[in-house]
Amino acid sequence: MQKTPNSSRLHIGIFGRTNVGKSTLLNLLTDQEVSIVSNIAGTTTNSVKKAVELHNIGAVLFTDTAGVDDASQIKDEIIDKVKGEIKKTDLAIMLFKEQILSKFDEMLIEHFLQMQTPILFIINKFDNDKFDINFQNILKKISPFVLCLNLKKDSIDEILISLEQIYKQNAKEKELFEQILEPNSLVVLVTPIDKEAPKDRLILPQVQALRNILDKNSNALVTQKIDESLFKSLAKTPDLIVADSSCILESIKNCPESVKITTFSILMARLKGDLRILVNGANALDALKLGDKILIAEACSHRYIEGDIARTKIPKLLEKYLGFKPTISYVCGNDFGDISEFSLILHCGACMINRKFMIYRQNEALKNSVPITNYGVAISKMQGVLDKVLEIFSADLKNS
């Protein structure tokens, strides 16, 4: 992997009304001319993203969002896009020039609070030394992090210090093998190379697993399948086997009963969301009846090929498990749309979205009383091995 994927970066969004200095701030933070800076209101109508590394924070993804106010003729479309960015934002920067809370500022703040997103308020003085202490106090009641400064290169250190403080207070980073892998362990990764595997590369969850194993000073053996000859060739019994969901049944049959085993997809489910919710969603398969609608949700868009997991493999498994042909709809991208008509949501592994957004999608499903699970959890359920692949996560599931 040449760089940290955006889905694993801290998402920092820059928000505010038009022409308050959002694009200027992004350029200063990244020390590059990433966004167009202009005195013309509404220059930025689409989000501009830039991945960088910040000292003491690490890999982040900055997003310069469009200005939200009455100045644009496509105001409603812009507001919808900005709301979409809020769902993915781990840390928000909100800029002001005029020291007053407009209805649009209040709307943004309301969404940040609903999403429990920490906020850094910046009052851009634009070389005006006059500022309203009462306005600052209003903002401090919402967030303790309020800066009043000129957006210039020499002010960036102060902003970065505040971002670091907010990050340390709110850091909730998780690791793929958190609390389930000790140093010097041996992990076997079963990674079959099929039609969907990218040429000359492994898929992202497999790469993340390999890197996390090395970070924990453990050892990995990568293979396309496991059989008796593999175990005979090893000097020690593996501490854990992680298999692709497509071959989990075969992998369990061919490994010693005492060896712990799970799937890449279940590891990702735990990393990106609440595993308990996804397990409950998989168990909801048993309550489905003829005529119930299932939504298969993919977080990214891609070209579909013969044997595609969402359009071929999972529908076949569902029909075999349920005993009837289910009614399936598909959605790709960032928006579920209206999910009230569905009896179950089957979500992809979420390798291309961040944890904040996946948690949001799970909560939306719960609000609509729609069970939600993911591909890997559902596949293990339908193949009758869910209890086996969840054994290693007993601590996560004990309160479910």
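1. Leu186 has Asn219 as its bridge partner in strand 8. This pairing comes from a predicted model. Strand 7, residues 186-190, is joined to strand 8 by five bridges, and the two strands run parallel.

2. These two strands belong to an open sheet of four strands, in the order 8-7-9-10, with parallel pairing. At the edges are strand 8 (219-223) and strand 10 (261-263), each of which pairs on one side only. On average, neighbouring strands of the sheet are turned by 20 degrees against each other, direction ignored. As background, the strands of a sheet pair through backbone hydrogen bonds, in either a parallel or an antiparallel way.

3. Helix 9 covers residues 264-272 and includes Ser265. Is Ser265 buried or exposed? Its relative accessibility is 13%, so Ser265 counts as buried, the cut-off for buried being under 20%.

4. Which residues does Ser265 touch, leaving aside those up to four places away in sequence? They are Ser245, Gly349, Asn374, Tyr375 and Gly376. With Asn374 there is also a polar contact between the two side chains, at 3.2 Å.

5. Helix 9 also meets helix 12, which spans residues 355-367. The axes of the two helices come within 8 Å and cross at roughly 90 degrees. Helix 9 and helix 12 therefore count as roughly perpendicular to each other, since angles of 65 to 115 degrees fall in that class.

6. On the helix 9 side of this contact are Arg270, Leu271 and Lys272; on the helix 12 side are Arg355, Met358 and Ile359. By type, the residues of the contact divide into three nonpolar, three charged and no polar.

Terms used:
Residues are numbered from 1 along each chain as its sequence is written. This is a predicted model: local features need pLDDT of at least 70, side-chain atom pairs count only at pLDDT 80 or more; totals for chains, interfaces and linings use all residues. Side-chain values use heavy atoms; hydrogens and water are left out. Buried means under 20% relative accessible area, exposed over 50%, partly exposed in between (1.4 Å probe, protein chains only). A polar contact is a pair of N or O atoms within 3.5 Å; within protein, one must be able to donate a hydrogen and the other to accept it, and residues adjacent in sequence count only if both atoms are side-chain atoms. Contact means heavy atoms within 4.5 Å. Two strands pair if DSSP finds at least two bridges between them. Axes are lines fitted to C-alpha atoms, for helices over the stretch in contact, and angles run from 0 to 180 degrees between N-to-C directions. Angles under 35 degrees count as roughly parallel, over 145 as roughly antiparallel, 65 to 115 as roughly perpendicular and the rest as oblique. Ala, Val, Leu, Ile, Met, Phe, Trp, Tyr, Cys and Pro count as nonpolar, Asp, Glu, Lys and Arg as charged, and the others, Gly among them, as polar.
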